[in-house]
Every structure is written in C-alpha cells, then in structure tokens.
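Hi,

Here is the structure I promised to pass on to you.

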Amino acid sequence: APDPLRIGVPTSRTGALAVLGDQVVRAIEFAAERANAAGGVDGHKVEVRVADDEGNPDAGRRAGEKLSLEGYRILIGTISSAVGLALSTQLNRWDAIYVSVVNKSPKITGDSCSRRMFRANHSDDMDFAIVAPWLKDQKEQTWAIIAADYLWGRGSGSAFKTTAERLGRTVKLELFPPLGTTDYAPYITQLRDSGAQGLWVALAGSDAINFAKQAKQFGLTDKVVMFGHNFVTPSSIKAVGKDAIGIWGNLGYAPDIPTPVNADFVAAWRAKFQTDPTDYEGEAYAGMQAIFSAVTKAKSVAPLEVAKALEGLTVSTVFGDVTMRAADHQMELPNYIGRVSETDGKVAIKTLLTFDAATATPPPSPACKL
Amino acid sequence: MAMISTARPPVAGLSQRLSMLIVLVALAALLFGVERFGSRILVSLLAQAIIVSALAFGVGLLIRVSGLVSFGHAAPFGLGAYGTVYALSGAAPLPPEIGLPLVVMFVTLVFFLIGLVISRLEGVAFSMLTLALGQAAFVAATKFRSLTGGGDGVIIDMPRQLYGVHADVLQSPYGMFVVGVALLTLVYFALNIAERTQLGRLAVAIRENEERVRFLGYRTRVLKAGVFAVSASLAALGGVLFALYQGFVSPEILHWTFSGSALIMAILGGTSALWGPVAGAFAFFFLKDGLADVTTHWLAVLGITLILVTIAWPSGISGAVQFLLARVPALFAKGKGR
Amino acid sequence: MSALFRCVDIGKQYGGLVALQGISLSLEVGRVHGLIGPNGAGKSTFIDVVSGRTPGTGHVYLDDRDITRVPLSERRRMGVSRSFQRTSIFPALTIREQLDIAAHGAGGGHTGELTDMLGLADVLDARAEEVSYGQQRLVDLALALVGNPRVLLLDEPAAGLSVAESQTLAAHLEEVAARWKVAVLLVEHDMDVVFRVCHVLTVLASGRWLVAGPPDEVRSDPAVIGAYFGSAA
Amino acid sequence: MTALLEFDAVNAYYGAAHILHGVSLKVDEGERVAVLGRNGVGKTTIVNTLLALATMRGGAIRMRGAALPRVAGHTAAMHGIAVVPQGRKILPNLSIEENLKLGAALRRPGRWDLDAVYALFPVLRERRHTPGTALSGGQQQMLAVGRALMANPDLLILDEPSEGLAPVIVDELAGVLRDLAGTGVAILLIEQHLRLVRDLSERFYVISKGAVSATGVMKDVDQKTLQASIMR
Amino acid sequence: MLINALNGLVYGSLLFVLASGLVLIYGLRRVVNFSHGALYMLGAYAGYSVAVSFSFPLGVVAAGLALGAIGVLLDVVLFRQLSTRHPLVTVIATFGVLLVIEDLVRSVWGTQNYAIDPPALLSGVVEIGGAPFPVYRLFIVGASAAMAAALAAWLRYSRSGLFVRAASQDPSVAAMCGVRTALIGPMVVGLGAAFAGLSGILAAPFLSLNPAMGSEVLVLSFVVSVIGGLGSFSGAFISAMLLGQVQAFGTVHTPELASLLPFLLMSVVLIFRPQGIAGQKA
Ligand SMILES: Nc1ncnc2c1ncn2[C@@H]1O[C@H](COP(=O)(O)OP(=O)(O)OP(=O)(O)O)[C@@H](O)[C@H]1O
Ligand SMILES: Nc1ncnc2c1ncn2[C@@H]1O[C@H](COP(=O)(O)OP(=O)(O)OP(=O)(O)O)[C@@H](O)[C@H]1O
Ligand SMILES: [Mg+2]
Ligand SMILES: [Mg+2]
C-alpha cells in the first residue's frame with residue numbers, strides 16, 4: 001500500500017484560543033475521515049495527529065517538532081499567527097510544510113513568506129479589501145473605531161480609517177482598549193458621547209463578546225451601525241444571542257456559499273454533527289482540500305513535493321475553484337459580508353454581500369521573495 | 001521578615017560535595033546517553049527544557065539566596081531574547097559574537113539598577129512589583145513594533161556562523177542541548193563557589209533579618225540588588241539561548257504566565273540545592289509532555305500531580321534527593337553493623 | 001574624661017503619644033551608664049532613636065562628631081553597637097555563622113572567648129531557631145558584643161536569662177567596660193545586675209528625665225522607689 | 001486526691017530532636033508550683049507539649065486523672081488552663097482590647113473581665129484601641145498576663161512572666177498571683193526571678209537537660225540550696 | 001464625568017468582591033491563592049447553569065453555596081495538610097487546583113463562549129445625567145456594598161470575626177486561648193471561595209464565559225489586594241475603588257497606558273508604602 005498521508009495539527013487545545021482550536025480539529029478530522037471513506041487521497045490513507053500548541057510559539061514549536069519527528073510533516077491548523085511564524089523558521093530543518101487555515105497576519109505571505117508555507121484562508125489584507133465596497137453603500141457619515149490594542153487591532157483600525165477617509169467619511173474617535181479588557185463601560189460611554197453614527201469594532205474573541213453585550217446594555221448597539229471585524233462568527237453570535245442583532249461583519253466562510261462542493265460538505269457535516277459548520281470549520285476544511293489536491297497532483301506525500309504541487313494549483317474547494325497564488329502562497333479567495341439578524345425568533349447570520357476573488361485578494365506583497 | 005527559610009545556608013559539608021559530584025556524573029551520563037540512545041523527540045524536549053531551566057535557575061536562585069519570589073522573570077528572559085534579535089539584526093553596531101554577551105551584561109546592569117529601587121520591598125509586595133515590571137515589558141514588546149514585530153513576533157536573521165559554529169547547530173536540539181548544559185554547568189559551579197564566600201552567607205543573613213545585618217555594619221541594598229541582577233542575568237542567558245534556538249521571538253515569552261511557570265518549576269525542583277530549579281524545569285517539561293501524550297485531560301492530571309508532589313515532597317525534588325542522600329550513609333552504617 | 005558618645009535633647013512621638021522628650025545623656029569610656037525606669041518610660045525608644053533605628057529628634061555625637069544622619073551600617077563600623085529587647089537574630093543561620101558575619105562586619109574580632117563566656121559554645125552549630133528563648137537572647141547579645149565595639153547600647157540583656165547567666169553577663173560587662181575601654185548604656189530591670197555594674201544611673205519616667213546620679217543615691221530616692229523599685233530597692 | 005494536671009513520664013520532641021526525657025510532674029487543684037532551670041533545659045517545652053507545639057511520643061498527660069487521648073492546640077484552654085507564653089505572643093494586628101477579649105474566648109465565668117484587668121494595669125485601658133505591639137516590652141508582658149487572666153482559668157501557667165517588668169510591677173504581679181491562688185486557682189510558674197518564685201510557690205521542680213533533676217517543698221530549702229540545685 | 005465615576009464604581013465593586021475572597025484566604029492561610037481566578041470562573045459557570053435552568057437569583061445562590069463547599073473541601077483536603085509548610089509550596093498546590101478546575105470546566109462546559117442575561121427585573125436602563133445607564137450595573141454596586149458591609153461588620157464586631165482575625169495572625173496563640181482553629185480554616189476558605197464564586201456570577205451578565213476568563217482577573221485581584229495591603233479588607237476596599245476610578249478615567253485620558261494602569265498604580269503605592277495602603281508592617 002502507498003505511504004499514508006500524515007497530517008500534523010499543532011493547534012490550541014488549551015488556553016484562550018482553544019475554542020477555535022477545537023473547531024479546526026473537528027473539521028480536519030472530518031476531512032480526513034471523508035477522504036479515507038472514499039478510499040484515501042490518491043490511494044494514500046490520511047492519518048491525522050493533533051498536538052497542543054497552547055496558543056504560544058514556544059509550545060507551538062515543540063508541538064510542530066514532535067509531529068514532524070513522528071513523520072507528520074504536513075502541518076496545518078495553528079490559530080495564532082505567531083505560532084505559524086515560529087513554525088516557519090523550522091520547516092527546513094524538519095523537512096516539513098505548513099498550511100495556514102486561520103493565521104491572518106500579512107507576514108505569513110509577506111516578508112516572512114517561505115517556500116514551505118502556504119495560506120488557504122483570508123489574510124487581514126483580504127478582509128480589509130472588502131471594506132471599501134461595503135462602506136460606500138452605507139449612509140452614515142461619521143464613524144468611530146474601537147480596536148484591540150495589538151498588532152491586528154491597530155492594523156484593522158488604521159485600515160478602516162484610511163478607507164473611510166478615502167470615501168469621504170470622518171472618523172471622530174479611535175479607541176484602543178488592551179487585550180483582555182473585561183469592562184468596556186468607559187469606552188462605550190466615550191463612543192456614545194462622540195455621536196458617531198457608525199462604529200468599526202476590531203476586538204478579538206471573548207473581548208468582542210464582552211463588548212457586544214455591554215454595548216447593547218448601554219443602548220449603543222441600537223444607536224449606531226456596527227461592523228464587527230472578524231466578530232460575526234457562529235460561535236460568538238451564539239454566545240451573544242439577541243444582543244448581536246444588527247451587527248455587520250466579514251464572514252470568511254458561510255454555510256450558504258452556493259457551490260456544489262460546499263453543498264456536499266454542509267450536507268455531510270449536518271448529517272454528522274446536526275449543526276452547520278462554522279467559518280473556522282469551513283476554512284480548515286478548504287485547507288485540507290488544497291492539500292489533498294496537491295497530493296493527488298504530486299503523486300507523493302513527501303512534503304516538498306506537495307509544496308511544489310501546491311504552487312499555482314487550482315483547487316476545487318467549498319469556496320469554488322480557487323488558486324494558490326505562486327507568488328506569495330496566498331490562496332485567492334472570495335470573501336463575504338453579512339449581518340446578524342433574527343428569523344423565526346432565532347438569531348442567525350445572513351450573508352448579504354459576496355466579493356469575488358479578484359476583488360477580495362489584493363496583489364502579492366512585494367516584501368515576499370520566494 | 002524573611003519570606004522563606006527552607007533553604008539551609010550553604011555549608012561545605014560532605015553532602016554538598018557529594019551533590020556536586022553527582023551533578024557532574026549525571027551530566028556526563030546524560031550527554032552521553034542522550035547522544036547514544038535518545039530519540040530525536042527526547043532530545044528536542046531536552047533542548048527546550050535546558051533553555052527554560054536557565055530561567056527557572058534564576059528564579060530559584062533569588063528565592064534561595066534572598067527569599068524573594070519573582071513573578072516577573074520573564075522580563076529579563078524576554079529582554080535577553082529581544083536583545084538577541086537586535087544583536088543579530090543588521091542594525092547592530094557590533095558583531096554578534098560581542099553583541100550577545102553584551103546583551104546579557106546589559107540586562108544584568110538594568111536589573112541591578114531596578115534592584116536598587118525595588119529591593120526595599122519584601123514578600124508579596126516584591127513579587128507584585130516584579131509582576132508589574134514583567135507586564136510593563138510585555139506591553140512594551142507589543143508596542144515597539146519596529147523591533148519586536150508586535151504580537152506576531154519577529155523572525156531572526158540568523159547569521160551563517162556564530163563563534164565559529166554553524167548557526168544550524170544552535171537550532172538543532174542536540175546542539176542546543178550541549179551548549180545549554182555546558183553553560184549552565186559553568187554557572188552552577190560559579191554560583192556554588194560564590195555561595196560559600198562571605199558575600200554568599202551575608203546574602204542569606206539579609207534574607208533572614210535585614211535590619212540586623214545593617215546594625216552589624218553592612219550596607220545591604222547593593223548586595224540585594226546584586227543578587228537580583230545575577231538571577232536576572234541567568235534569565236537573560238536563557239532568553240539569548242531561546243532566541244538562537246527558535247530563530248523567532250514573540251511577546252508570549254514576556255507574559256506573566258511564563259514567569260509563573262518558571263516559578264512553579266523552581267519550587268517544584270526545590271531551592272534547597274542550587275540545581276533544584278533546573279531539575280524542576282526538566283520534571284515539569286517531561287511531566288507535561290508525557291501527560292499530553294496519554295490523556296486529553298492532561299491539565300487536570302498535571303494539576304493533581306502538582307498537588308500530590310507538594311504534599312509528598314514539600315521541599316521539592318532537590319529536597320527529596322538530599323533527604324535520600326542523607327539516608328545513604330546511614331544505610332551503609334546499618335549494613336556494617338549487622 | 002570627656003564623653004565618647006553624647007546624646008542631646010532626644011525626643012520621639014508616636015502619633016499623639018510623646019514617648020520621649022528632651023533626654024540628654026553622655027557615655028564615657030570604661031563606664032557603664034544605667035538607664036532605668038518604669039515600663040513604657042521610653043528606654044527602648046531612646047536606644048532606637050540614638051542608634052538610628054527609628055527617626056526622632058535631637059542629636060547624637062561620637063567623638064564630638066555629629067552622627068545623627070549617619071546610616072546604620074556606618075555606625076557599626078565607627079564602633080557603635082546595640083542589642084535588642086525583642087530578639088533580633090538570624091533564625092536559619094547557625095550561631096557560628098551569624099557570629100562570623102557579625103565579626104566580619106565589625107572589621108574582625110574574636111568570637112571564641114565570647115561564646116565560651118556566654119555559654120553558647122555547646123550550641124554553636126545549632127540553627128538559632130532551634131535553641132531556647134534564653135539562648136536566643138544570648139545570641140542577640142553576642143552579635144552586639146562581637147568585634148570590640150566602642151559604644152554598646154544594650155536593651156535588657158539579662159531578660160530571659162537564668163540567674164547563673166545573668167551573673168556571668170554582669171561580670172563580663174564590668175570587664176568589657178573596664179578592660180576593653182567601652183562605653184556602655186545599659187537598660188535593664190534586673191536590679192542585681194544594675195547595681196552590680198552601673199557607675200551611674202539615669203531614671204526616665206513617661207518619656208521624661210526623672211533623676212540621675214550614682215547608683216546609691218538613686219536607689220534611696222523616694223520618688224524612684226515609689227515609681228520603680230518597689231521592694232527591690 | 002487526683003491531680004489537676006499531671007505529666008507522666010512525658011517524652012517530647014521538636015521534629016527529630018528529643019527534648020523532654022520522661023518528665024513527670026503534677027499540679028493539684030489550687031496549688032502553686034514552680035519549675036526552675038537554666039536556659040535551654042526544656043522548661044518551655046513542657047508548656048509547648050501541652051499546647052501541641054512540641055510532639056509528645058511516649059508518656060501521658062492527664063487532666064483531673066483522665067489521660068488526654070490527643071493533644072491539640074486548644075486542649076489546654078478547654079480544660080481551664082490559661083498560659084502566659086514566653087516571649088508574650090501578643091497579636092500585632094489586634095487592638096489591646098481585642099487581645100484581651102481573645103483571652104476570654106471560651107467565656108468561662110469568673111471575676112476577671114475587661115474592667116478587672118484594666119483596674120490591674122491601667123496603662124492598658126489608656127491605650128486600649130492601639131495595636132497590641134505598639135506597647136513597650138513590659139507593657140506587652142502586662143497584656144499577656146491580662147489576656148490569660150481573662151480566661152478565668154483553673155490553672156494559670158506563666159512562662160517567665162517577670163521578664164521585662166519593672167521591679168515594682170513584679171511586686172504587683174506577685175500580689176495578684178497570690179490573690180489568685182487565694183481564690184483557688186492553681187499556678188504553674190516557670191521563672192528565673194528567684195525572689196518571685198520563693199514568694200509564691202509551695203513546691204518546685206528543677207529541670208536539667210530535659211528531665212526533672214530535683215523536686216521539693218519550697219519552705220524546706222533556702223535560696224542558696226535552691227540556686228545550687230539549679231546551677232548543677 | 002458622573003457616568004465615568006459611576007463606571008469606575010461598578011468596576012471597583014466587582015473587583016472588591018473578587019479580591020476580598022483572596023484577602024480572606026491570604027489572611028488566614030498566608031497562601032497566595034493562584035486558583036482564585038479559577039474559582040471565580042467556576043462560580044460563573046455553575047451560576048450560569050443554574051440560572052438558565054431555573055432563575056438568576058437561584059444561580060447566584062447556587063454559585064455562592066457551591067463555591068463555598070469547594071472552599072471548605074480545599075481547606076480540609078489541601079490547605080490544612082500544607083499549613084505547616086512554606087507558603088510557596090502551597091502556591092504550587094493552588095496552581096494545581098487551578099489546572100484541575102480549568103480542565104473540569106473544559107470537560108463539562110466545553111471551550112465555547114457562553115453569555116447570560118441579567119434578570120428581567122434588572123435588565124433595563126435608567127437615565128443618569130441624560131444618558132441611559134444599565135440598572136444591572138447599579139445592582140452590582142449595591143450588592144457589593146452590602147457584601148462588603150456584612151463582611152466588615154462580621155470581622156470587626158462579632159466574636160467569631162475576632163477569632164478569625166486572631167487565627168489569621170497566629171493560629172497557635174488563638175488555639176492557646178481556646179479557639180478551635182481547625183474549624184476556622186474551612187470556614188474562612190469556604191467564605192473566600194464563595195466570594196470568588198459570587199463575583200463570578202455577578203459579573204456573568206456582562207461578560208462572556210470561557211475557560212480563560214479566570215486568568216484575566218487573577219492578576220487584577222492580586223493587584224487589588226496588594227495595593228490595599230495584604231490581608232486588609234478596608235485596604236482592599238479602598239484600592240478596589242481607587243483602581244475602578246483610575247481605570248475609568250485613565251482609559252479616557254491616558255488610553256496608551258490603559259493596560260498598565262493597575263500596575264502603575266500598584267508600583268506607585270508600593271514604592272512609597274511597601275506594606276500597601278492599610279497594611280501593617282511585618
Ligand atoms: N510602635 C509604637 N507605636 C506607638 N506607641 C509606641 C510604640 N512603641 C512604643 N510605644 C509607646 O512608647 C512608650 C515608650 O516605649 P518604650 O518601648 O521605649 O518603653 P521602655 O521604657 O522600653 O519600656 P519597657 O521597660 O517596658 O521595655 C510606651 O508608652 C509605648 O507604649
Ligand atoms: N524549634 C525547636 N527545634 C529544635 N530544638 C528546639 C526548638 N526549640 C527549642 N529547642 C531546643 O530544646 C531545648 C529546650 O528548649 P526550651 O525552650 O524548652 O528551654 P527553656 O528551658 O524554656 O529555656 P529558657 O530558659 O531559655 O527559656 C533547647 O536546648 C533548645 O535548643
Ligand atoms: Mg523596652
Ligand atoms: Mg523557656
């Protein structure tokens with residue numbers, strides 16, 4: 001029998017990011033199961049092994065090293081970009097490759113890009129790219145920004161500000177609360193007092209949930225149009241419940257994407273889990289599809305062969321047919337914007353806008369030299 | 001009041017010399033055994049453990065000598081790591097061979113100065129101030145993006161060679177393990193000698209009753225700051241090794257939870273022998289790793305293990321070993337008697 | 001003989017409580033100056049202030065040099081040494097170790113004779129926390145005596161000592177003062193010791209100077225008898 | 001008559017250090033007994049064994065004839081014993097009045113209450129709201145005695161109570177203890193101050209090296225002999 | 001201005017309830033309880049589960065009782081065994097407890113976020129200074145004030161409170177006076193854990209519950225109790241209120257330093273007063 005396709009999943013099983021890690025693992029294992037049920041990938045049985053990266057690069061390297069040494073040298077699934085980047089420095093030594101399905105840092109496909117690293121999910125830049133087309137249709141003229149005080153939050157805030165000012169909107173207030181803030185009352189008070197009509201929210205994970213709940217309690221949510229960057233995800237919305245109704249957000253993946261592959265995926269997923277796949281699950285699944293295609297094309301499970309095959313490969317994924325750009329190893333993906341709404345007394349995310357890959361994927365960063 | 005009095009003042013007795021000998025023999029056996037029989041996964045764990053053990057060593061030293069508990073030793077560790085980033089970057093004015101030792105010295109100096117200010121404090125207050133210091137360093141690292149790359153971290157431009165060694169050697173687990181063991185052994189023997197000096201004993205006296213030491217004619221502030229600086233320099237050394245090994249540095253290594261783990265390692269190893277915290281670091285690493293392999297509930301199992309260990313061996317691994325060592329001659333004696 | 005150690009107009013307040021007010025006294029080489037008075041008279045406070053332990057008012061001179069602002073560690077090197085009413089030693093160090101440290105800090109000195117004299121020779125290698133209360137008091141005293149100080153401020157050195165130890169102590173104090181040319185301030189409630197060794201007495205009451213003079217005079221002063229001596233006079 | 005408190009061949013340890021070697025002694029109801037000895041012979045350890053601060057291995061402690069099955073920290077207090085510990089042990093963060101109230105934790109009835117103690121040591125009343133350790137050494141000693149009195153004990157154990165007290169206060173203390181004995185309270189006095197001891201006690205035990213080396217009736221020996229037996 | 005002060009008051013109140021549990025346990029056991037954040041989290045989860053099945057008030061009661069029971073257990077099983085050991089040793093044990101609780105929460109409730117609504121009675125807003133302010137937040141202030149007052153009164157004026165304070169300073173002296181110190185331990189640690197649990201469920205209506213929520217507040221509760229002077233309630237109260245205000249105004253006026261504000265405040269206080277605001281010198 002041909003060698004098994006060994007896929008190592010260093011991801012967060014403990015720590016603050018575990019909620020995402022769990023989703024990623026579920027989707028990856030699901031993808032492997034389906035592939036194996038269909039006789040493997042090009043005859044290779046898929047074996048998945050998970051290790052905890054604890055959400056930090058140090059442990060991430062340990063997990064990656066361990067997986068690689070055990071022969072799982074096609075790595076996928078870390079949550080934190082820092083972990084992804086930490087892995088990237090070791091890929092050569094391990095003779096491994098790494099496919100990001102969650103990391104959004106521009107560095108992954110920018111100045112830190114590498115022959116052995118790929119991204120099958122949206123980068124931050126891709127998420128920013130769809131803001132302008134959305135914003136120009138919003139009537140609100142004055143905006144405020146609340147963004148977490150770290151790299152991603154700051155980046156998101158300044159990207160929005162640039163876009164908004166380019167479109168002739170004014171940004172009246174920018175607030176950068178620290179990560180892990182529990183009480184947003186002082187910020188909410190300021191946002192309300194600023195009188196801005198729209199609000200750009202770039203807060204991470206549970207911070208965003210805390211903010212959304214408190215903003216609703218203070219009556220802010222009903223007063224302004226709110227866009228939650230990376231916030232409108234099934235897990236956050238489930239936690240916030242009715243208080244999230246009306247909030248806009250980019251979606252990354254949505255179960256209602258109208259492609260045959262997606263329909264098939266969602267149906268199978270529902271059969272198994274009795275629920276819709278989340279965005280992280282959809283994206284992780286797409287990442288696995290990319291790997292599978294590359295293996296099929298390379299006719300090998302050797303990491304470097306798979307990497308070579310991935311470059312420029314067009315893959316049929318839940319997003320439709322998408323291409324792994326050779327220049328920077330960024331998958332060119334469509335992107336989506338939706339809004340939280342209530343249907344039949346149930347809170348749900350509605351996909352309202354779809355942007356094709358050409359609109360949604362900015363050109364490769366010149367900093368990336370492969 | 002001194003916060004801790006579990007560590008006995010150093011006495012150059014038989015058990016001390018025995019324990020130094022044991023350390024040496026164990027190290028030789030370890031290096032050899034690892035080279036011969038160790039799986040690559042084991043070596044990779046060892047390499048990470050030896051790096052973090054430098055940090056635990058620093059934390060433990062401070063507890064042992066000053067009775068002060070640092071919750072912020074991630075700061076000198078991180079400073080060492082980011083210092084390495086700078087020393088290896090194009091912006092550095094000096095070649096890395098000179099720059100790296102300077103990084104450690106610089107951190108030592110900085111923490112000496114900090115020590116002058118905060119060594120007035122004792123007990124939990126001291127711990128909390130070090131925590132504050134650590135958090136300040138953490139926030140600084142996330143803000144000074146040009147050097148640190150913010151939360152995403154920075155990838156280091158490794159030079160081809162360092163001190164005549166191929167940089168890849170430093171990034172390979174066995175290479176780093178050997179380097180780490182060599183450096184820590186040097187440090188261990190240096191500290192062992194230092195503890196036996198008048199200054200070493202004085203430091204212990206300060207831990208016990210600082211006011212009386214001053215009434216006995218000593219200026220205590222400088223010495224306390226000195227101990228703090230030495231312990232920080234160990235952490236910085238760990239940071240430099242860390243950066244060289246990972247080729248990547250991000251602010252997680254400055255987070256208080258990292259300081260907390262180091263503290264746990266130090267206490268787990270016990271401070272009744274100098275090498276205790278190092279043993280603690282290894283035990284913690286292997287425990288965690290082994291448990292993660294067998295059960296998804298490794299957190300709970302680790303927690304229960306920690307609890308049981310504290311009940312069974314309150315003086316940590318080194319305390320337990322010393323206890324056994326003290327019994328060994330007695331066993332022999334008994335054997336003879338019969 | 002001119003005074004080696006002069007305390008001028010020493011005062012101290014704890015919040016609203018005046019613990020000490022305008023106390024002056026001088027210590028002379030080779031003499032033991034007794035400082036006595038009822039509980040709470042301010043004796044310990046006096047030693048604390050003049051030894052630099054707590055801030056207070058007034059001035060302290062050694063060899064006519066004002067040392068009021070000199071840091072603690074300096075004072076010992078200049079020869080001013082003290083003991084503590086509430087034992088202040090190093091619990092986890094052996095007695096030998098702490099005496100060595102004291103000797104070194106004072107710039108050398110012999111501990112052997114001292115430990116023999118104080119009866120600590122047997123317990124030299126015990127940790128201080130493992131010896132009895134009385135022995136701990138002796139360690140406290142030994143730390144003050146080590147290394148030939150020029151000025152000794154002793155706060156109830158005989159408290160907690162058995163009769164035998166107190167008597168040895170008294171003998172030693174006499175000898176220290178006379179032979180080693182030390183100026184001693186002795187705060188003590190054990191009248192046997194006080195009357196045996198003191199050359200002059202100062203009596204405090206409620207933080208104020210009450211009377212001073214040769215022991216025999218003070219002993220028969222009715223005010224002092226009533227306030228302090230009781231049947232011990 | 002069964003003794004109020006009896007030590008029967010008690011062996012006691014601090015950790016592995018064997019301190020008391022078969023100490024036997026007893027105090028009857030209303031009796032005044034002294035324990036004498038040089039520094040470090042084990043006098044305090046006798047009290048500490050009763051307070052479970054030293055470990056008893058071998059021997060028995062009996063209260064009113066019944067052996068205590070297990071000695072815990074509060075056992076002595078439960079049996080009506082109050083202690084003035086060596087070194088005073090005043091609680092620094094309690095006020096003086098609270099320190100005294102703590103002495104009355106078990107609310108045994110009797111003639112000692114706050115007012116009675118304040119009448120005895122007026123300085124305590126003056127400073128009653130200040131923290132326990134903002135007192136001079138001797139004042140703290142008074143507080144320790146007052147706290148023990150507050151328990152209205154059947155047996156009062158005093159470990160060097162005269163330490164740090166001015167001579168006139170020692171006189172006063174002697175008076176109080178004599179009065180107390182007059183009301184039927186037994187007293188076990190560990191003391192270096194021989195005059196106080198002779199003044200107060202009926203019987204004595206001399207301890208040396210962790211064992212009873214001599215015992216007798218106070219009025220049968222003169223001060224010289226007593227001193228000699230201690231110094232031996 | 002007014003609203004901001006009020007925001008600070010709310011935040012400070014929550015911090016106080018949280019920190020007072022820590023202060024209680026530290027006071028008696030001299031243990032820096034690393035599992036305090038985990039207890040807070042467990043309180044929130046346990047309260048959540050009861051609140052969704054029954055009602056919010058019942059959830060609050062359940063959180064308090066359940067955590068109280070856990071505290072008693074912790075003391076009997078753990079702290080008492082370790083009471084003669086060095087406090088640092090106990091720190092590792094509490095760290096172990098933290099890990100066990102985290103794992104427990106993860107196993108029972110999973111890693112997803114939960115949220116809970118304030119009870120209907122408290123869910124509206126009132127107009128304060130022309131702007132709406134959530135009623136629930138006012139309730140927190142009131143509830144915390146009541147708890148603070150009850151705790152302070154108990155400790156200061158009752159006999160058992162006196163015994164607790166005495167046992168906190170020197171258990172052997174308290175025992176010598178007849179206090180059954182063996183009972184005080186479970187009582188105090190139980191109460192301390194109950195306070196942690198209560199603060200968890202009180203905070204739940206405006207927070208997301210997740211397995212990491214404990215570590216976020218742990219450091220803050222340390223900071224509060226250290227600024228106040230370890231072991232001192234009045235100190236913890238003052239420092240919690242101070243921190244609340246500093247946080248509320250600091251985030252408005254010096255946003256750059258927001259995350260460092262608690263630490264800055266602590267450093268300033270400690271450098272000038274190493275024993276904390278109301279702490280006694282050792
Ligand atoms: N820390 C303090 N705070 C407030 N008052 C204090 C403090 N220390 C001492 N006092 C008070 O100051 C006065 C003088 O105390 P000091 O200790 O000097 O007396 P003393 O003469 O040494 O008495 P003793 O013979 O009992 O030791 C006493 O009334 C005492 O209560
Ligand atoms: N914690 C301890 N650990 C070990 N040994 C101890 C400890 N405390 C006291 N000892 C030893 O026990 C012996 C008896 O001590 P104890 O305190 O009973 O003496 P004592 O007769 O009360 O003396 P003093 O008159 O000085 O108070 C001493 O030799 C001392 O060294
Ligand atoms: Mg005094
Ligand atoms: Mg004694």
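Between chain E and chain A of this predicted model, 11 residue pairs are in polar contact, both residues at pLDDT 80 or more. A polar contact here is a pair of N or O atoms within 3.5 Å, where within protein one must be able to donate a hydrogen and the other to accept it, and residues adjacent in sequence count only if both atoms are side-chain atoms. On the chain E side, helix H1 (2-29), strand S2 (131-134) and helix H10 (233-253) each supply at least two of the residues that touch chain A (helices are DSSP runs of H or I with at least four residues, strands runs of E with at least two, numbered from the N terminus).

The rule also finds 2 salt bridges across this interface, with a side-chain nitrogen of Lys or Arg within 4 Å of a carboxyl oxygen of Asp or Glu. One of them joins A:Asp183 to E:Arg137, with the closest N and O atoms 3.0 Å apart.

As for extent, 32 residues of chain E and 28 residues of chain A take part in the contact (heavy atoms within 4.5 Å). Together the two chains bury about 2,600 Å², 53% of it on carbon and sulfur atoms; this is the accessible area (1.4 Å probe) lost on being put together, summed over both. E:Thr111, E:Asn113 and E:Phe206 supply 18% of what chain E buries against chain A, more than any other three residues.

On conventions: residues are numbered from 1 along each chain as its sequence is written, and chains are lettered from A and ligands numbered from 1 in the order in which they are written. Local features need pLDDT of at least 70, side-chain atom pairs count only at pLDDT 80 or more, totals for chains, interfaces and linings use all residues, and side-chain values use heavy atoms, with hydrogens and water left out.

Best wishes
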